[in-house]
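Please keep the structure in view while reading.

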Amino acid sequence: MLVTTKKLLVVAREKKYAVPAMNVNNLEAIKAIISAAEKMRSPVIIQTSEGAIEYAGIEYLAAMIRVAAKGKIPVAMHLDHGKKLEYVRMALANGYTSVMFDGSALSEKDNLRITKQVVKMAHAKGASVEAEIGAIAGIEDFVSVEEKDAHLTNPEQAAQFAKETGCDSLAVAIGTAHGAYKFKGKTHLDIDRLKRIAKLVKLPIVLHGASGVMEDVKAIAEHHGAKLGSARGVLDQDIVAAIKQGVAKINIDTDLRLAFTAGMREAVDDLPTVIDPRKLLEPSTLLMREVAMRKMKLFGSAGRVK
Ligand SMILES: [Zn+2]
């Protein structure tokens, strides 16, 4: 059934697990994710970035996600990184149950003002709002924050911001980064900062840029010609520690992209006589489903749907 993110996340924070928020651009990804959620009995957030909406069209995406939500699994349909009000309006008009407003590139004053406006718009339609305070490094679709400019979330400021905006969940910057090349040296999440944030902010906390860049998936892609070099992600142990401190929504895009394209490279390599695109897309869908299931286990969301 289609639900808001608030409904999924408040209970997740209370019970100390995280709901996976997975980015989709096409039918295969939506089917892979909902099939993983059904198998694992996990609630799930299916989200689309502004880039996904540009690529596939919001009406196609919303219609497909709505079909995925018809079964027993609670599904939230979420706009990831809405930076323009136009996308927020579009999402709400198309039945999204949740929107993120990303004002991290704005001044603090403008971020506060526009986030308040988004909260008003979304709540009037019964939808939830994720806001962002602090800036998460890296590149993901239209999101680009130079690492040097990225600043980590200040706990007191976050508490004030959450209170004043009336948002339902809060994305924080604690050292994660978007994309497949997150860390130059050692991976490092500022769990101590997260602890201080969670003490003051009682809302569900959201972690972006949290893919792990799984070695076995990377190996399949590289075996079939991908050049991923020093791609590196967040350690599983850091994810578990973050959930313990109040992170209730974890965004996964990079790991799903890696799985999908690894399956694609493998299929093209291994099936040179096949011309049926469905056969060539099958390994992509299966590998993405496998990665989604692993995340549900790691996040503790598996088995939460009775
Ligand atoms: Zn993000």
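Strand 10 (residues 205-207) and strand 11 run parallel and are joined by three bridges. Within this pairing, V206 has K249 of strand 11 as its bridge partner. Helices (H or I, at least four residues) and strands (E, at least two) are DSSP runs, numbered from the N terminus.

The model is predicted: local features need pLDDT of at least 70, side-chain atom pairs count only at pLDDT 80 or more, and totals for chains, interfaces and linings use all residues. Residues are numbered from 1 along each chain as its sequence is written.

**The barrel**

Strand 11 also pairs with strand 1 (residues 19-23); four bridges join these two strands, which run parallel. One of the pairs links P20 to I250 in strand 11. Two strands count as paired if DSSP finds at least two bridges between them.

How enclosed is strand 11 by the rest of the structure? Six of the six residues of strand 11 (residues 247-252) are buried, so the strand is largely enclosed. A residue is buried if 20 or more other C-beta atoms lie within 10 Å of its own, exposed if 12 or fewer, and partly exposed in between, with C-beta atoms placed from the backbone.

Eight strands close into a barrel in the order 1-2-3-4-5-8-10-11, and their pairing is parallel. On average, neighbouring strands of this sheet are turned by 25° against each other, direction ignored. In a regular strand the side chains alternate between the two faces of the sheet.

Helix 5 (residues 85-93) lies across strand 3 (75-82) and strand 4 (98-101), and runs at about 165° to strand 3.

**Two helix pairs**

Two packed helices are described by the angle between their axes and the distance between the axes. Axes are lines fitted to C-alpha atoms, for helices over the stretch in contact, and angles run from 0 to 180 degrees between N-to-C directions.

Helix 2 (residues 27-40) and helix 4 (residues 58-68) pack at an angle of about 20°, with their axes 10 Å apart. That makes helix 2 roughly parallel to helix 4. Angles under 35 degrees count as roughly parallel, over 145 as roughly antiparallel, 65 to 115 as roughly perpendicular and the rest as oblique. The crossing of helix 2 and helix 4 is right-handed. A crossing is left-handed if the near helix is turned anticlockwise from the far one by less than a right angle, and right-handed if clockwise.

Which residues make this contact? On helix 2 they are L27, I30 and I34, and on helix 4 they are M64, I65 and A68. Two residues are in contact if their C-beta atoms, placed from the backbone, lie within 7 Å. The contact of helix 2 with helix 4 has six nonpolar residues, no polar and no charged ones. Ala, Val, Leu, Ile, Met, Phe, Trp, Tyr, Cys and Pro count as nonpolar, Asp, Glu, Lys and Arg as charged, and the others, Gly among them, as polar.

Helix 11 (residues 254-270) and helix 12 (residues 277-299) pack at an angle of about 150°, and their axes are 7 Å apart. Helix 11 is therefore roughly antiparallel to helix 12. Their crossing is right-handed. Among the residues of helix 11 that meet helix 12 are D255, L256, F260 and M264, and those on the helix 12 side include L280, P283 and L287. By class, the contact of helix 11 with helix 12 holds 13 nonpolar, two polar and two charged residues.

**Single residues**

Most residues other than glycine have a negative phi, and most peptide bonds are trans.

K16 is partly exposed, with 13 other C-beta atoms within 10 Å. R41 is partly exposed as well, with 15 C-beta neighbours inside 10 Å.

K244 is found in helix 10 (residues 236-244). Its C-alpha atom is separated by 9.4 Å from that of K15, although K244 and K15 are 229 residues apart along the chain.
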